[in-house]
Amino acid sequence: MDWSEIIVFIVYLAFMLGIGVFFFVKNKSGGEKSYFLGGRQMGPWVTALSAGASDMSAWVLMGLPTAIYASGLGQIWIPIGLIIGYALSWLLEAPRLRRFSIVCNDSITIPQYLKNRFLERSNALQIICAVVFLIAYTIYSASSLVACGKLFNTALGIDTTVAMIIAACIIVGYTFLGGFSAVCWTDFFQGLLILGGLMMAPIFAATMVDMSQLETLTAAKPDFWNAFTDWREIVSGLAWGLGYFGMPHIIIRFMSMRSQKDMKKSAIIGISWTFLVLLCAVAVGLFGLLYLGEDQSVADNNLVFIKMVREIFPGIISGILLSAVLAASMSTADSQLLSASSSFASDLYKPVIRKNKASDKEMQWAGRIVVLVIAVIALLIALNPSSGSIMDLVSNAWGLFGAALAPTIILSLFWKRFSFAGAIAGISVGAVADICWLILFNTKDAVVYNTGVYELLPGFIAGMIAAVVVTLIAKKPSKEVDELFDKAVSYTD
């Protein structure tokens, strides 16, 4: 246990809570739009880094480097797929989603946008989306708590259970108090910390390794440098990029921007940040193997980044860099908790439970209660030793979102003929196909056969086909819906 690391952690966590308190006081009189969307006042830097940090959870510091460390460049297709998908989502999806969400009755959540996009009174789509959100975000949040537990246990010797509880309390604290503004600003600072930590570790490790070990490594593991070992790794890795088009906690940042003029600048910042983070994560895995050598315990516990940092840097510096793991875990968990709570409050509580009679203050408290409930359930999942690794939990949640929401959101933004019935079919079929493929064809204990193909891909394809077929069969959208589409396409501010 290094007391300098403990002091750094305490200061860092206090700073995050301080941001939550600040925005709680600042936005105390704000309404539902302020709490859940920051009043659409986010600037380009905050939007870009917040979107990136909410995406790159602890798997980018622990899971991805360890996958490279253990298996070699065959795992590089995941970051390649991610950067392609992320760039396309900023360039193609972001500008339209912001315009459409404003024109569609100033929507503040993705389900609300989809309902308003078709001028529908039915709450069916919102209810289906809310269910998907609650399931996926609970699993996703659990992965962040697992990462926090491993960090505190490995670095400071704190009991894993106690560490997870502390992390959950801190994350819930500033999300509960400050809402979207607090989440975005904490993510902004955490995004800077994540990039700094990932850049420093491999750079310093590269100056300390004996490059003669490279020949020994190549001889012992001839396939380590081969990125084309298995077509299933290539297809599955590239499929990760599809998830960006349906990831609510990321694309809601597009809706929160204060103007279309900031979009281009945000895109450049966001894409550049993500590219550097993913590149550095791969470098951590490669130089981690050269610096640490093969160590099964490191691979089993996702400890490449943590062990490198603790061995290379003195206590205060290692504490700052290890705070990047906290940053990655917390920046994703807070965004997920807020997205889930906003979906419940705006898409279930207000229209279904309260029949549109809830006040803004009541809506905020309904969302805060959901934050607490999801955090408790996520903590229970994280404490279950059979729940899977960090990467397993992230991939399951990511796949469900990508398969269920991505096809429908893409079609809603680019296909004028797309219908409400098609949206319901796309989300429902995509979600079911993703879950069924995971259980039947993509686990070690697969019921039928383990294909090794990531469930997001077949789920996305099934959801897209269902959405298109049902739209072509169903009644065409009304003239008013067509006019709304045209207005959104041409909207400027």
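1. In what follows, Ala, Val, Leu, Ile, Met, Phe, Trp, Tyr, Cys and Pro count as nonpolar, Asp, Glu, Lys and Arg as charged, and the others, Gly among them, as polar. By that scheme the lining of the second largest pocket has seven nonpolar, two polar and three charged residues. The model is a predicted one.

2. The second largest pocket holds about 220 Å³ of space. Its lining includes Phe 118, Leu 119 and Glu 120, together with Ser 419, Phe 420 and Ala 421. Also in the lining are Ala 474, Lys 475, Lys 476, Pro 477, Ser 478 and Val 481.

3. The largest pocket has a volume of about 1,200 Å³. It is lined by 34 residues, and those closest to its centre are Met 391, Asp 392, Ser 395, Asn 442 and Lys 444. At least two lining residues come from each of helix 4 (63-71), helix 5 (77-103), helix 10 (231-239) and helix 17 (390-414). The lining is made up of eleven nonpolar, 17 polar and six charged residues.

4. The largest nonpolar core has 142 residues. The members that touch the most others are Trp 59, Val 60, Leu 61, Trp 90, Leu 198 and Trp 398. A second, separate core has five residues, among them Ala 345, Tyr 349, Ala 358 and Met 363.

5. Trp 398 deserves a look of its own.

6. Four salt bridges are found in the whole structure. In one of them, Asp 295 pairs with Lys 307 at 3.3 Å, N to O. Asp 295 is in the loop between helix 12 (261-292) and helix 13 (296-300) and Lys 307 is in helix 14 (residues 304-312), so the bridge ties together parts twelve residues apart in sequence. Asp 295 is partly exposed because its relative accessibility, 24%, falls between the 20% and 50% cut-offs. Lys 307, at 29%, is partly exposed as well.

7. Another salt bridge joins Asp 486 and Lys 416, at 3.0 Å from N to O. This pair links distant parts of the chain, 70 residues apart: Asp 486 is in helix 20 (residues 479-490) and Lys 416 in the loop between helix 17 and helix 18 (420-441). Asp 486 is partly exposed at 37% relative accessible area, and Lys 416 is partly exposed at 32%.

8. Glu 362 and Arg 354 also form a salt bridge, with the closest N and O atoms 2.7 Å apart. Glu 362 is partly exposed, at 24% relative accessible area. Arg 354 is partly exposed, at 30%.

Terms used: Residues numbered from 1 in each chain as written. Predicted model: local features only at pLDDT ≥ 70, side-chain atom pairs only at ≥ 80, totals over all residues. Heavy atoms only, no water. 1 Å grid on protein atoms, 1.4 Å probe; cavity = no way out; pocket = protein on both sides within 12 Å on 5 of 7 lines; lining within 4 Å. Points joined across faces, edges and corners; volume = space filled by probe spheres on them. Helix = DSSP H or I, 4+ residues; strand = E, 2+ residues; numbered from the N terminus. Core = buried A, V, L, I, M, F, W, Y, C linked by side-chain atoms within 4.5 Å. Buried < 20%, exposed > 50% of the residue type's maximum accessible area, 1.4 Å probe, protein only. Salt bridge = Lys/Arg side-chain N within 4 Å of Asp/Glu carboxyl O.
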